[in-house]
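I set out to record what could be looked up in this structure, entry by entry. The notes follow in the order in which I made them.

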Amino acid sequence: MSGREAKGEGSVSVTVILCTYNRCQSLAKALESVAALKLPESVEWDVLVVDNNSRDQTRTVVEDFCGRYPGRFRYLFEPQRGKSHALNTGIQNARGGVLAFIDDDVIVEPTWLENLTATLHDGEWAGVAGRILPEQTFTPPRWIPLQDRHALAPLALFSPGLEAGPLTEAPFGANMAFLKRVFERYGGFRTDLGPQPGRINPQKSEDSEFGHRVLAAGEKLRYEPSAIVYHVVPATRVRKKYFLEWWHDKARADIRAFGIPPDTKWFFAGVPIYLFRRLVVWTVRWLFSFAPSRRFSCKLNAWSKFGEIVECYQQSHARKIAVRTELT
């Protein structure tokens, strides 16, 4: 039964899902901003905080909000580490017919939730993405290639423009919403993707893989620029080393999520030959570029291609080991 059916015509229900791990200080600020949300009385909404086995004061922080706002905030503990596990647990325990997602290091505008979910109630759109902007004090350094469309993706920033309309790319997980029936129909987030303990598996793409899955099924997604959250930009992330590692990991995750093009014919050690060619091209461009942002953009592309090569090789090696194990 949908939220509209359960609460009567004209009434809708929304659950905000926030997964968190060891960030109790930024979490408290995020929840303060969520508590100040303004929505029409016809909208029934709650906030489900999923604690992904934190070891700090996360539970105390959330229980304080549960006490201050009875019925508005809920606390849920997910012992299995990994953001996708926490997300899926939140989805399974959500009460709303519309599920909105934010991170534990954002500040939402008071109109964020209303603007994000308003167009989902008539069933035309399966999901929606809002804008993710940096803190107002953030100034990007000269070496960030702002001419690239996703230049600020390592900082979890997403702002395709000021015009609302259809979205043809996957939303970012720090500001998105889907109808709950979308998860019931297409499944949850893949648990081999996304942030998790250690670095054996790629730490990215759980949100983009799900968004691509929904789009590939023919569902319609919308972009709503008036639904704004502000993302914390720690100084530790505004470094070249962080950007290089982020794109390397993102490239690995995308290979795992979406695979190698099926028409690929030539391989070496399980790696498509074209990836080696592209690595060489971007490395040469990096070495012979002089403008700081252009030079770093080429270096990022080289690191991404290297990440794809690493993941292809590791997957090929794992398959060979599996075959040998079966034969012994």
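**Entry 1**

I began with S205, which is buried, with a relative accessible area of 2%. The model is a predicted one. I noted that S205 is not a glycine, yet has a positive phi of about 80°. I located S205 in the loop between helix 6 (180–186) and helix 7.

I then looked up A269, which also is not a glycine and has a positive phi of about 55°. A269 lies in the loop between strand 10 (267–268) and strand 11 (271–272).

**Entry 1: Helix 7 and helix 8**

From the loop holding S205 I moved on to helix 7. The axes of helix 7 (residues 206–216) and helix 8 (residues 240–258) come within 10 Å and cross at roughly 35°. I recorded this crossing as right-handed. Helix 7 contributes S208, E209 and H212 to the contact, and helix 8 contributes K250, D254, A257 and F258.

**Entry 2: Helix 9 and helix 10**

I next examined helix 9 (residues 273–287) and helix 10 (residues 292–327), whose axes come within 8 Å and cross at roughly 155°. Helix 9 is therefore roughly antiparallel to helix 10, since angles over 145 degrees are counted that way. Which hand does the crossing of helix 9 and helix 10 have? I noted it as left-handed. On the helix 9 side, the residues in contact include L275, F276, L279, W282 and W286. On the helix 10 side, I listed among them R294, R295, W303, F306 and I309.

I turned to strand 2 (residues 43–51), which is mostly covered, with eight of its nine residues buried. Strand 2 pairs with strand 3 (residues 73–77) in the parallel sense, over five bridges. Which residue of strand 3 stands opposite D51? I found F77 in that position. I followed the chain from strand 2 through helix 3 (residues 58–68) to strand 3, and this β-α-β crossover is right-handed.

**Entry 3: Helix 4**

Last, I checked how far helix 4 (residues 83–93) is covered. The buried residues of helix 4 are K83, S84, H85, A86, L87, N88, T89, G90 and I91.

Definitions and conventions. Residues numbered from 1 in each chain as written. Predicted model: local features only at pLDDT ≥ 70, side-chain atom pairs only at ≥ 80, totals over all residues. Heavy atoms only, no water. Buried < 20%, exposed > 50% of the residue type's maximum accessible area, 1.4 Å probe, protein only. Helix = DSSP H or I, 4+ residues; strand = E, 2+ residues; numbered from the N terminus. Pairing = 2+ DSSP bridges. Right-handed = clockwise from strand over helix to strand, strands pointing away. Axes fitted to C-alpha atoms, helices over the stretch in contact; angles between N-to-C directions. Parallel < 35°, antiparallel > 145°, perpendicular 65-115°, else oblique. Left-handed = near helix turned anticlockwise from the far one by under 90°. Contact = heavy atoms within 4.5 Å.
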